[in-house]
Amino acid sequence: MKTNKIGAIDIGTTKICSLIAETDGTGLRVLGIGSVPSKGLQKGQVVNIAEARESVRASIRAAEKTAGFRMDSAVVSMSGKHVSSGNKRGVISITGNRKQTVEKKDVERLLEITRSENMPPEETVLHQIPRYFRVDGQDGVKDPVGMFGYRLDVETHTITASVTSLENLTKCVVGAGVKIDNVVFEPLASAASVLTEDEKRDGVLLADIGGGTTNIAVYKNDSVYYSSVISVAGNQISRDISLGLGLNPELSEELKVRYGSLIPLPQTEKLKPLLVDGEEIAYEDLFDIIHIRTEELLRLVLLQVNNDTGGELDPSTLPAGIVFTGGTANLPGIAEMAQQVTQAPCRIGYPPRVSGIADSISGPEYAASFGLLLWKMETPEAHYRQKMNNRIFKNTGVLSRVIRIFGK
Ligand SMILES: Nc1ncnc2c1ncn2[C@@H]1O[C@H](COP(=O)(O)OP(=O)(O)OP(=O)(O)O)[C@@H](O)[C@H]1O
Ligand SMILES: [Mg+2]
């Protein structure tokens, strides 16, 4: 069977992760991985092109070395406060054909009009996701092509990014010698690799808590209803440890990763202090800082979603609850803590186990990188124009087929 090589580059604040995979169009095998510390980024955004480009290059080269192939092009992630999103509506009249049926070109025209309306010149559309169409009075239509009608309405979730930030990101990747296939807003990539079809249908919040940013996407009725970025994540926890315990940033980060936990401490036992550079640090102090900061971050997520949606998408009411990805999701007990805070079911999202060297990308911090590969294989939006007629909205089945073909 004919296979293609595909590439993904997740450009994060703490790490840049490049993946090279092989796909036959239905399944994929991860062949190469290059995960390196990132430089030149702050809170998800490129702030120093030369430094960021070198990190991207190092990550690509490392992936190429393990794969034994060059990466020609890649799907690339994007995040940062400059990304904004909202639900946009549009309407057109169906005219010009005798049968008075909606044609593919009508849908394209409607989406184009909706996309360009009220678009500031300094912003560009990253994603336009049609949530549903309405044909005359009939609501909730997923694919209107072929339907009889005079009026076609659409409601879309539209995600925009600043042109400058996109240009900077492009310079880093193209400057490192790789063409860009698509730029994907990070939480959508993470969602593609960890959310189930049932979760997306019933209602679920995906929170990718990385180093510099927490990226949020809420799915309902198989579609994205809300997305946003919070510029607070794991690095803030480390910074608070550094400030609170008077330690240098590297040591604080190390202590957090090695001893950090949100699992309540036993009340009865006195825990042994940690010995750091000859000094004793009370484990309870480290625990308290991590606990307080993480709980605050979780509450911030709830607050932001509730404020932005007027309570309509209150995470505690979402039937499938919250799924966490990103490096900070490695904190033991985070799902349990979130469950207590929100009263909603919570879990950690791990990328699916496929064959190849996927073992090295099994943690929640690799959900976005893996999702970018899936994005390239098939998503409703990436291939919207080409596949409008048959797989208009759902990326249903991508994951199940990946696992079926190559899975362990
Ligand atoms: N075991 C762990 N316990 C606690 N925190 C962890 C652990 N492992 C990683 N982290 C934290 O996860 C963060 C990095 O996550 P991730 O790799 O998802 O970030 P990123 O994608 O580079 O950043 P961003 O998406 O925010 O731009 C760091 O703050 C790191 O300290
Ligand atoms: Mg990330």
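Student: Is Gln 343 buried or exposed?

Tutor: This is a predicted model, in which local features need pLDDT of at least 70, side-chain atom pairs count only at pLDDT 80 or more, and totals for chains, interfaces and linings use all residues. Residues are numbered from 1 along each chain as its sequence is written, and side-chain values use heavy atoms, without hydrogens and water. Buried means under 20% relative accessible area, exposed over 50%, and partly exposed in between (1.4 Å probe, protein chains only). With a relative accessible area of 66%, Gln 343 is exposed.

Student: What is the phi of Asp 136 near?

Tutor: Asp 136 is in the loop between β8 (123–135) and β9 (138–141), where strands are DSSP runs of E with at least two residues, numbered from the N terminus. At 28% relative accessibility, Asp 136 is partly exposed. Its phi is positive although the residue is not glycine, and lies near 50 degrees.

Student: How far is the polar side-chain atom of Glu 253 from an oxygen atom of ligand 1?

Tutor: A polar contact is a pair of N or O atoms within 3.5 Å. A backbone N or O atom of Gly 212 is 2.9 Å from a ligand 1 oxygen, and a side-chain N or O atom of Lys 256 is 2.6 Å from one. For Glu 253 the distance is 2.5 Å.

Student: How many residues does α7 give to the shell around ligand 1?

Tutor: The elements giving two or more residues to that shell are α6 (234–245) and α7 (249–259), helices being DSSP runs of H or I with at least four residues. The largest contribution is from α7, and the number is three.

Technical notes:
Chains lettered and ligands numbered in written order. Polar contact = N/O pair within 3.5 Å; in protein donor to acceptor, adjacent residues only side chain to side chain.
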